[in-house]
Structures are given as C-alpha cells and as structure tokens.
Amino acid sequence: MRFAWLGLAYLVGAIPVGYVVARVLGVDIRAHGSGNIGATNVLRALGRGPAVATLVGDVAKGYAGAWLGSLAGPEAAWAAAAAVLAVAGNCWSVFLGFRGGKGVATGLGAFLRVTPWAILPAAVVWLALVATFRYVSLASLCSVLGLPLAIAVLGYPWPLAAAAAVVALVITERHRANIERLFAGTERKFGEREPART
C-alpha cells in the first residue's frame, strides 16, 4: 500500500494543468510559443489570468504529491520520493504521452510541503534574478540548484536534500534548450510574447 501512495503522487503530478487551462479556452498550448505547458508559456500565449491559474495548479499538485508521501510513512524518505515523483509526473505526464512541463512550479509546491524554510532563500534568489535580468529560466535554474544546499544547511533530513538534488538535475535537463538560448543571447525575457509555432 505504501508504494501505491507513491504511484498516486506521480499521477497527481502528471495532471497537465496548463494544457487543461488552455483547452478550456479552446487553445492547445503545445502549438503556441515554446510549446511548453507551464505558466510562463501560458502567460505569453494567453495572458495573466490563465497563467496564474496554471501556476497555482502546478504548485498545488506538487504540494499534494509530497503530502501523499507522508501517508506512505512518517520517514523523510517517503516524502522525498513522493516529491521527486510528483515532479517527474509533471515533466513526463502519462496523460500527454510522457511529455510535459519543466517541473519548476511543481517542485516549488513539493518542497513547500517538505522543506518550507528552504523555499525562502530560493524564492529570494528567483525574485532577485527575474527583477534584475528578466530571464525566468535563469532564475529558476539558479534557485533550484541552490535548494539542496539550503535544505542541508537548515538541517532537514538528508533524503530531502537528496531529493532536491535529483529534482535540480531533472529541471536542469528540462531547461537544456533554455540554457542554449541563454548562452546564445536569444532567450525570451519575462513578459515577451513568442510567435505561434508552425
């Protein structure tokens, strides 16, 4: 039964919130902008309201996924595994043919549940970098890469720091194209619209 809770954490994480929000508005978000189902692309394609709904939904499912890990057992390893699986579900959703988002908002929700104090420095880094450089991808990468260190320094159990490191690797891999564009100087800044995909 314990592993069933972990499976459910993946399925909750796999709910494609941005795709559903866009579909309600008659749009396939995968055919617009970067083709990503996350809040940043929804903002560029559909505006602030749908983007906020996507962001809140992605954070909520990450939080719920990590909470399901606590039902599997009180040990930190269960919550850590559930957090990773929720992010994996977002990135490789069974509902979208194992395609999905980049995991940032879902990871935020998951670690807001299991390591809330470690989210504070990560959020400060994210806000500072977006305000300074206006690159959401850069801010997200720096925040998530620093999260395992923040978790360790604040004294959370080591499985949670290990889970954050795994999530950081996943999110970095999902941002591979963004990293290439950052180095090339072609990455879109926050609020800039992208042309529809052809």
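Analyst: A pocket here is an open set of points on a 1 Å grid over the protein atoms alone, with protein on both sides within 12 Å along at least five of seven lines, whereas a cavity is a set where a 1.4 Å probe fits but cannot get out; lining residues have an atom within 4 Å of a point. This is a predicted model, in which local features need pLDDT of at least 70 and side-chain atom pairs count only at pLDDT 80 or more, while totals for chains, interfaces and linings use all residues. Residues are numbered from 1 along each chain as its sequence is written, and side-chain values use heavy atoms, with hydrogens and water left out.

User: What makes a residue part of the lining of the largest pocket, and which lie nearest its centre?

Analyst: An atom within 4 Å of a pocket point is the criterion. The lining has 44 residues, with Thr40, Val104, Trp126, Val136 and Ser140 nearest the centre. Two or more lining residues come from each of α3 (39-46), α4 (48-72), α6 (104-114), α7 (116-133), α8 (136-153), α9 (158-174) and α10 (176-184). Helices are DSSP runs (H or I, at least four residues; strands are E, at least two), numbered from the N terminus.

User: What volume does the largest pocket have?

Analyst: The volume is about 1,000 Å³, taken as the space filled by probe spheres set on the points, which are joined across faces, edges and corners.

User: Why is α8 called roughly antiparallel to α9?

Analyst: Their axes come within 8 Å and cross at roughly 170°. Axes are lines fitted to C-alpha atoms, for helices over the stretch in contact, and angles run from 0 to 180 degrees between N-to-C directions. Angles over 145 degrees count as roughly antiparallel, under 35 as roughly parallel, 65 to 115 as roughly perpendicular and the rest as oblique. The crossing angle therefore makes α8 roughly antiparallel to α9.

User: What residue classes make up that contact?

Analyst: Contact means heavy atoms within 4.5 Å. The contact of α8 with α9 has 14 nonpolar residues, one polar and no charged. Among them are Leu141 and Val144 of α8, and Leu160 and Thr172 of α9.

Notes. Ala, Val, Leu, Ile, Met, Phe, Trp, Tyr, Cys and Pro count as nonpolar, Asp, Glu, Lys and Arg as charged, and the others, Gly among them, as polar.
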